[in-house]
Amino acid sequence: MAIDRRRDTAGGGAGRLPPAAEENGALPPGDAAASAPLGGRSGPGGGGDIQALPAPHAAGGPHPSLLLLDYDGSVLPFLGGLGGGYQKTLVLLTWIPALFIGFSQFSDSFLLDQPNFWCRGAGKGAEPAGVTAAGRWGGGDLANWTSPSTTPFPTAAWGTAGTLGNSSGADGDDAPPLPSPPDKGDNVSNCDCHEWDYGIRTGLVQNVVSKWDLVCDSAWRVHVAKFSLLVGLILGYLVTGCIADWFGRRPVLLLCVIFILIFGLTVALSVNVTMFSTLRFFEGFCLAGIILTLYAIRIELCPPGKRFMITMVASFVAMAGQFLMPGLAALCRDWQVLQALIVCPFLLMLLYWSIFPESLRWLMATQQFESAKKLILHFTQKNRMNPESDIKGVMPELEKELSRRPKKVCIVKVVGTRNLWKNIVVLCVNSLTGYGIHHCFARSMLGHEAKVPLLENFYADYYTAAGIALASCLAMCVVVRLLGRRGGLLLFMILTALASLLQLGLLNLIGKYSQHPDSELQLKLAVGMSDSVKDKFSITFSIVGMFASHAVGSLSVFFCAEITPTVIRCGGLGLVLASAGFGMLTAPIIELHNQKGYFLHHIIFACCTLICIICLLLLPESRDQNLPESIADGEHYTRQPLLPPRRGEQPLLLTNAELKDYSGLHDAATAGDGLPDGATANGGRPM
């Protein structure tokens with residue numbers, strides 16, 4: 001055929017595969033003689049993920065030099081990659097705030113913990129109303145009370161406070177009955193009591209619940225305070241992401257630092273729970289901007305082989321904040337002091353105004369070459385670089401483009417793309433499912449507190465969830481290194497789906513087949529054995545599910561940061577992080593409705609995991625690939641098959657160069673191509 005002849009003319013035989021495409025605007029082979037070959041390294045099986053781009057044409061004039069658009073292949077090596085001392089300093093400056101963010105993420109577990117409480121004057125011997133007495137409460141009573149937040153999400157990039165499992169100890173009329181004073185024999189409800197005594201389990205003498213008596217009929221205000229922070233985070237991700245793509249990462253970061261200091265310190269001065277919830281909304285909004293911009297800057301500073309490692313270090317620093325939080329609470333003793341101590345470290349970030357620069361990658365991608373030139377000279381001065389190290393001629397090319405007008409892009413432009421919007425939507429659904437189903441597994445594990453004495457303790461709950469998250473991140477480091485981003489995300493999603501389906505289906509089968517014994521004694525033994533087996537299986541599946549779903553959420557966010565172009569990276573990250581926030585938002589909403597709809601919640605997310613497994617196959621592999629800079633780069637970031645093609649196997653789809661020159665009818669009419677008489681261009685015969 002004509003296409004085969006063109007391929008043979010270009011140097012490839014009929015049985016040879018087309019050469020691997022250059023990445024993200026790298027110099028075409030014809031220009032490679034003038035400079036070193038550009039483009040990133042290709043990981044195993046990932047050499048052809050980014051197709052060669054056709055020569056771009058701008059509507060308002062000639063396109064900038066391809067050398068300047070290939071940031072990972074030319075600009076970053078010129079600056080020394082991550083080996084430059086100044087770059088290492090900037091990466092360290094993005095790690096330090098992760099500790100402060102970790103404190104803010106898990107503050108709800110302590111500020112809004114539901115303590116044990118009893119009516120004042122009942123005496124010290126009276127049983128607290130919030131105590132989980134296994135011998136007194138039934139299964140239905142236990143379902144209406146849950147321990148404090150035990151499943152916070154420990155990745156700093158996710159930017160949400162731990163809000164799972166933080167139900168009130170006495171929520172309306174469904175709460176367990178309060179004990180009567182010692183002089184009364186009846187066990188009537190004491191929710192009409194006007195003064196309470198509290199037993200706080202988190203190391204604090206007073207928290208928000210005990211400050212404003214948020215129990216019984218006022219318990220719903222606790223859940224409002226929880227999801228006010230989450231709603232602020234969701235809106236913050238969406239708004240600050242768009243602003244950071246238009247005005248830059250640095251101004252958004254510094255403005256959010258200023259306002260989180262204002263709102264965070266004002267939260268500690270709240271005079272009622274309404275003021276507390278309102279200010280927490282704005283605190284979450286500013287916290288989202290800090291998390292988002294630091295995540296994007298961290299990604300944009302690193303060469304392809306270091307991005308995942310640098311991101312995971314930040315996650316471990318945030319986990320250090322999670323592990324240190326109980327000690328900080330015990331040191332402060334009062335919730336107002338704790339809130340102030342959590343926010344005050346952000347004062348150190350005010351120094352970033354003078355020492356932290358704008359993202360050079362974003363300046364180059366948006367064609368702000370005048371500012372980029374000044375920043376490159378600043379980098380070379382800080383690193384004490386020799387100007388002769390510019391062997392590719394980055395600075396001369398930059399001088400030619402100084403008069404070009406900036407070209408900024410908003411995230412709404414992704415609607416007109418063909419592949420990019422699909423990748424972002426798939427990752428949004430993955431993050432929503434991962435974070436949403438995480439609460440289901442945590443709630444299932446907490447449902448066995450009465451039978452697992454270890455889990456009755458607040459600190460045991462807290463550190464169990466933290467340990468699972470830490471193990472999940474450690475496993476991610478190994479799995480992603482072996483299987484890549486897409487393979488690792490697919491593996492963890494399959495584990496999440498299996499844990500969910502087995503927990504929903506297998507446990508019901510165990511209970512069903514244990515109810516057909518031959519005698520009454522066998523019935524009692526079977527029921528006892530089935531309950532024990534179900535509890536063990538349920539706890540095991542819950543731990544596996546929390547482990548895998550945590551990895552799914554973390555990898556979805558990181559994956560989005562890699563495949564979203566630089567010009568809209570913060571906007572894409574904002575969408576995925578906001579989707580994760582919606583998944584977490586289901587937890588306090590269900591608790592607000594006294595756990596009604598929890599089982600349906602689990603079933604819906606279990607079905608979503610199956611959909612996500614199929615959709616993940618549509619994503620490209622980004623391991624060791626250059627970051628896309630423009631929307632055109634992101635649009636050509638295409639999927640690679642999971643299995644490499646066999647030797648000599650022809651590809652099913654044509655490359656862009658072949659598709660551009662292809663005209664079957666023209667080739668058949670002019671060249672004949674050896675077709676028999678009466679045959680059409682596609683090989684068929686007319687009727």
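Asp-245, Arg-249, Glu-300 and Arg-569 are linked in a network of salt bridges. A salt bridge here is a side-chain nitrogen of Lys or Arg within 4 Å of a carboxyl oxygen of Asp or Glu. The structure is a predicted model, in which local features need pLDDT of at least 70 and side-chain atom pairs count only at pLDDT 80 or more, while totals for chains, interfaces and linings use all residues. Residues are numbered from 1 along each chain as its sequence is written, and side-chain values use heavy atoms, with hydrogens and water left out.

The count of salt bridges comes to 11. One of them joins Glu-283 to Arg-280, at 3.3 Å from N to O. Both residues belong to helix 10 and sit 3 residues apart, about one turn of the helix. Helices (H or I, at least four residues) and strands (E, at least two) are DSSP runs, numbered from the N terminus. Glu-283 is buried, at 3% relative accessibility. Arg-280 is also buried, at 1%. Buried means under 20% relative accessible area, exposed means over 50%, and partly exposed lies in between (1.4 Å probe, protein chains only).

A further salt bridge pairs Lys-373 with Glu-399, whose closest N and O atoms are 2.6 Å apart. Lys-373 lies in helix 15 (residues 369-383) and Glu-399 in helix 16 (residues 394-400), so this pair ties together parts 26 residues apart in sequence. Glu-399 is partly exposed, with a relative accessible area of 41%. Helix 16 also holds Lys-400 and Glu-397, which are 3 residues apart, or about one helical turn. Their side chains meet in a salt bridge of 3.8 Å, N to O. Lys-400 is exposed, at 60% relative accessible area. Glu-397 is partly exposed, at 21%.

On a 1 Å grid over the protein atoms alone, a cavity is a set of points where a 1.4 Å probe fits but cannot get out, and lining residues have an atom within 4 Å of a point. Grid points are joined across faces, edges and corners, and a volume is the space filled by probe spheres set on the points. There are 5 cavities of 30 Å³ or more. The largest cavity has a volume of about 130 Å³. It is lined by 15 residues, of which Leu-90, Leu-301, Ser-359, Leu-360 and Phe-379 are the closest to its centre. Helix 3 (71-78), helix 4 (85-105), helix 10 (273-301) and helix 14 (360-365) each give two or more residues to this lining. Helix 10 gives the most, with 3 residues. The lining divides into 10 nonpolar, 2 polar and 3 charged residues. Ala, Val, Leu, Ile, Met, Phe, Trp, Tyr, Cys and Pro count as nonpolar, Asp, Glu, Lys and Arg as charged, and the others, Gly among them, as polar.

Thr-433 is found in helix 17 (residues 420-446). Thr-433 is buried, with a relative accessible area of 1%. Beyond its neighbours within four places in sequence, Thr-433 is in contact (heavy atoms within 4.5 Å) with Phe-605, Cys-608, Thr-609 and Cys-612.

The whole structure contains 0 disulfides, a disulfide being a pair of cysteine sulfur atoms within 2.5 Å. Cys-428 is in no disulfide, and the nearest cysteine sulfur, that of Cys-560, is 6.6 Å away. Cys-428 is buried, at 14% relative accessibility. The sulfur of Cys-608 is 6.3 Å from the closest cysteine sulfur, in Cys-612, which is too far for a bond. Cys-608 is partly exposed, at 22% relative accessible area.

Conventions:
1 Å grid on protein atoms, 1.4 Å probe; cavity = no way out; pocket = protein on both sides within 12 Å on 5 of 7 lines; lining within 4 Å.
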